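Biologist: I have just opened this one and have not looked at it before. Could you walk me through it?

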Amino acid sequence: MRRMVLSILVDNTAGVLSRVSGLFSRRGYNIDSLTVSETENPAYSRMTVAVTGDEQILEQIRKQLAKLEDVREIKELADGESVCRELILVKVLAGQNERQAIIAVADIFRAKIVDVAMESMMIELTGNQAKLDAFIKLLDGFEIKELVRTGITGLTRGAGDLADYIDD
């Protein structure tokens, strides 16, 4: 089993997310992470989809995605050839006694304190999944009230982009 992260350029039309995610659900494939946003060109959106499976399943996913009418280009975001990041927001219970320790952990990871209340702190951190997981693990001794992750997003390294493949 291996994990594959795909960057998929699609037409920015109503229902495209439903059609792509429906492809996965109809075939019983699980999506580990999904992010979608409009690109620099409002006619297109970029989906970043992380999936896990054996080589046969991953190849089947690629082939089925390529058949969708809205899909313009599919590129695997391979380690070393791309940059992938995720954002996390964590709300931690933090009284006077805990604040300095939480700030010290945040500083180690170059995280930002984005909100401070009487009994809690909210921390923002961006990085790869391993960095975010390590950060959460170091907060293990504190009470995490809420946590949210954006999911993976990424781009290939270098000057090229998926839009190079679009025939207008």
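Biologist: Let me start with a helix: which residues of α1 are buried?

Modeller: Please keep in mind that this is a predicted model. In α1, the buried residues are V16, V20, G22, L23 and F24, and what covers them includes the strands β1 (2-11), β2 (31-38) and β3 (44-53) as well as the helix α2.

Biologist: How many bridges join β1 to β3?

Modeller: There are 10 bridges between β1 and β3, and the two strands run antiparallel. If you want to find them on screen, S7 has T48 of β3 as its bridge partner, and R3 stands opposite T52 in β3.

Biologist: How are β2 and β3 connected, then?

Modeller: A hairpin joins β2 to β3 through five residues, and the two strands pair in the antiparallel sense over seven bridges. One place to look is V36, whose bridge partner in β3 is M47.

Biologist: Is β3 mostly covered or mostly open?

Modeller: Strand β3 is mostly covered, with nine of its 10 residues buried.

Biologist: Changing topic, I clicked on D70. Where is it in the chain?

Modeller: You will find D70 in the loop between α2 (55-67) and β4 (71-76).

Biologist: Does D70 count as buried or exposed, and why?

Modeller: D70 counts as buried, because its relative accessibility is 11%, and the cut-off for buried is under 20%.

Biologist: What does the side chain of D70 pair with?

Modeller: The side chains of D70 and R19 are joined by a polar contact of 2.6 Å. Leaving out residues up to four places away in sequence, D70 touches L9, V10, D11, T13, V16 and R19, and V16 is also one of the buried residues of α1.

Biologist: Let me zoom out. Which domains does the protein have?

Modeller: The domain assignment gives domain 1 as residues 2-76 and domain 2 as residues 84-154. Taken over C-alpha atoms, the centres of the two domains are separated by 29 Å, and nine residues of domain 1 are in contact with seven residues of domain 2.

Biologist: I also noticed E146. Which strand is it in?

Modeller: E146 is in strand β8, which covers residues 144-149. With a relative accessibility of 47%, E146 counts as partly exposed.

Biologist: What is E146 in contact with?

Modeller: Setting aside neighbours within four places in sequence, E146 is in contact with L89, V90 and K91. E146 and K91 are 55 residues apart along the chain, yet their C-alpha atoms are separated by 5.1 Å.

Biologist: And for the whole protein, how many helices and strands are there?

Modeller: The protein has four helices and nine strands, and from the N terminus on its elements run β-α-β-β-α-β-β-α-β-β-α-β-β. Along its principal axes, the C-alpha trace spans about 60 × 35 × 30 Å.

Biologist: Last one: what share of the residues is buried?

Modeller: Of the 168 residues in the protein, buried residues make up 36%. As for contacts, among those between residues at least 6 apart in sequence, 72% join residues at least 24 apart.

How values were computed. Residues are numbered from 1 along each chain as its sequence is written. This is a predicted model: local features need pLDDT of at least 70, side-chain atom pairs count only at pLDDT 80 or more; totals for chains, interfaces and linings use all residues. Side-chain values use heavy atoms; hydrogens and water are left out. Buried means under 20% relative accessible area, exposed over 50%, partly exposed in between (1.4 Å probe, protein chains only). A polar contact is a pair of N or O atoms within 3.5 Å; within protein, one must be able to donate a hydrogen and the other to accept it, and residues adjacent in sequence count only if both atoms are side-chain atoms. Contact means heavy atoms within 4.5 Å. Two strands pair if DSSP finds at least two bridges between them. Domain bounds come from an automatic or database domain assignment.
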